[in-house]
Amino acid sequence: MALHILQPGALSTIQDLGRKGYMKDGFPQSGAMDDYSLIRANLLLGNDKNAAAVEMTITGIRAYFDAPCAFVAAGGDFGGKWNQTPILPNTLYQAAEGDELSFSAAKSGCRCYLAVQGGFDVPLVMGSRSTTLKCKLGGLDGRKLKKGDVLPIGEVKNPTKGSSFLNPMPDGEIIVRAVPGPQDDFFTEEDLNLFFSQSYCVTAESDRMGMRLEGQPLQSKNGTDIVSDGIAPGSVQIPASGQPIILMADRQTTGGYAKIATVVTSDLHLLAQAKPSDKVRFVRLNAREAREALKQYRAELLIP
Amino acid sequence: MTETYRLLPCADRAVTVEFGNTISEENSAKVAAFTARMNQFSLAGIEEIIPTYRSVTICFDPEVLSFSELEKTIQKAAKRQARRKQEKKRIFILPVAYGSEFGPDLERVASCAGISPIEVVRRHATRIYRIDMIGFLPGFPYLSEMDPTLETPRLASPRTVIPTGSVGIGGKQTGIYPMESPGGWNLIGRTPLLPYDKNRTPPVPYQTGDYIRFLPILRAEYERLEKAVAAGDNIIPWEEG
């Protein structure tokens, strides 16, 4: 049982929730940029929340099933069609043998996840099926999908649960919460205030490694170079340009720029769906409030 | 005992334990001892422990491991370090063919230092280097205890492709490119062994705090080892020091 790729889209990769425990050896974690969409889709399909799906970026794939299979296209609305019938995002469908799926391009959001019941069963590499392009690791031979690829589908373990879920895509300005640090002391109070008040613009240089933003530049008081330290998910680096880079799923493990703040886990999926020229504003939380936000987020993920 | 570190929060799922803000033997020793203690505790809920020159970043799940419990463990691990016994060193031996197409920047490093290429090789290969940090790429070791006379500025314009196993000098440090990658370090040689092999367990054999020694080899030996690696012999030898 498999999904056969007829058109791969611009950048489609296999992702689960990422490769954990190897950052000490220099491996990026990778994993779905929008973990919310992946987890909700997997729960709907009765999958383990970590099951692997295809992550499409801006443009979609065309593919067919060689056996009956339940599927969900979660996240951005990519104008999906099941044979010739339009489908809704974040909704469960049951395809028959030979059925074709086609996605055009993002009408909302930036990424769409095609998840199937049983998950895509590519080999586990160091505990994960996620693709890390830079390291040619995981997924399908460590690369993005291409025409003619055959993605094996795993065994169905549980029945599907429900029919659809709510997953609004960002529209207008995206508000993300962030905690100052680990190097907020490299910045003046004015810089911190500017960072937490201005509206930033997402630039076209953004990718799975980092979201590059543009706004009124910050000026750190000690220069922005530090002796490299470890990088947490959502770290906001400020290089010499004074323009923020939010480090995402494929981020490097260590870095030498001062990090003014760290975006909370529960808001990273909003950034994952931001497109170039979308607006982003940061709201300040403390670390305790951020942990509270994570608790709420995890509860939300389980709401049917 | 007074606390010798700062706790820097990274939102909800990580914290950086900072022992200093410079590259020094003292900071590296603190990082190594602290990391070893944290690994011994092997607390449920810890997802990553990332040691660097001067700090350790810990990623955790706050719903499995509360922050206050993690804080207490960090305190314990930092206190115990002074009493930790000196453990034996693991020294990994990397055979390296220096110069020619293996190290196209050997001449540049030599002229920068005002010495002969062979003297560069001697100074580079007679040291035992502590791995201060692994980062940038899987298995890329940052080795800061290089002979200071070999310091060479990074290339003005980085190469787009550097072959796997290349040994480079970037400023005051030396290191190894474990996979093909762009990069701006001066390439002085290449090892036929694979510092990173996804099909080996573990894929990267050494860790921060281990040591590396370079063993100069000639082209014939490079080619012999290259064939052995291609045939599946992917072990990087190490000795106790």
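Which residue of S4(B) is the bridge partner of B:Pro51? In S4(B), that partner is B:Val56. The views below are taken from a predicted model, in which local features need pLDDT of at least 70, side-chain atom pairs count only at pLDDT 80 or more, and totals for chains, interfaces and linings use all residues. Residues are numbered from 1 along each chain as its sequence is written, while chains are lettered from A and ligands numbered from 1 in the order in which they are written.

**View 1**
Four strands of chain B form an open, antiparallel sheet in the order S1-S2-S4-S3. Helices (H or I, at least four residues) and strands (E, at least two) are DSSP runs, numbered from the N terminus; two strands pair if DSSP finds at least two bridges between them. S1 and S3 of chain B are the edge strands, each pairing on one side only. Direction ignored, neighbouring strands of this sheet are turned by 20° against each other on average. S3(B) and S4(B) run antiparallel and are joined by 5 bridges. Helix H1 (residues 25–41) of chain B packs on the sheet and touches S2, S3 and S4 of chain B, its direction making about 165° with that of S3(B). Axes are lines fitted to C-alpha atoms, for helices over the stretch in contact, and angles run from 0 to 180 degrees between N-to-C directions.

**View 2. The contact between chain B and chain A.**
Chain B contributes 39 residues to the contact and chain A 38 residues; two residues are in contact if their C-beta atoms, placed from the backbone, lie within 7 Å. On the side of chain B that touches chain A, strands S1 (6–10), S2 (14–18), S3 (46–51), S4 (55–60) and S7 (133–134) of chain B each supply at least two residues. The largest share of that side, 5 residues, comes from S3(B). The residues on the side of chain B that touches chain A comprise 22 nonpolar, 10 polar and 7 charged. Here Ala, Val, Leu, Ile, Met, Phe, Trp, Tyr, Cys and Pro count as nonpolar, Asp, Glu, Lys and Arg as charged, and the others, Gly among them, as polar.

**View 3. Strand S10 of chain B and its two partners.**
Strand S10 (residues 166–170) of chain B is largely enclosed by the rest of the structure, because 4 of its 5 residues are buried. A residue is buried if 20 or more other C-beta atoms lie within 10 Å of its own, exposed if 12 or fewer, and partly exposed in between, with C-beta atoms placed from the backbone. S10(B) runs antiparallel to strand S13 (residues 186–190) of chain B, with 4 bridges joining them; B:Asn186 in S13(B) is the bridge partner of B:Ile169. Another 4 bridges join S10(B) to the antiparallel strand S11 (residues 173–176) of chain B, where B:Ile176 is the bridge partner of B:Val167. The hairpin of S10(B) and S11(B) has 2 residues between the strands, and B:Gly171 takes a positive phi near 65° there.

**View 4. Helix H1 of chain A and residue A:Ala53.**
Helix H1 (residues 35–44) of chain A is mostly covered, with 10 of its 10 residues buried. Its buried residues pack against several elements of chain A, including strand S3 (53–57) and helix H4 (287–301). Just after H1(A), A:Gly46 takes a positive phi of about 80°. A:Ala53 lies in strand S3 of chain A and is buried, with 29 other C-beta atoms within 10 Å. Leaving aside neighbours within four places in sequence, the contacts of A:Ala53 include A:Leu38, A:Ala41 and A:Phe120.
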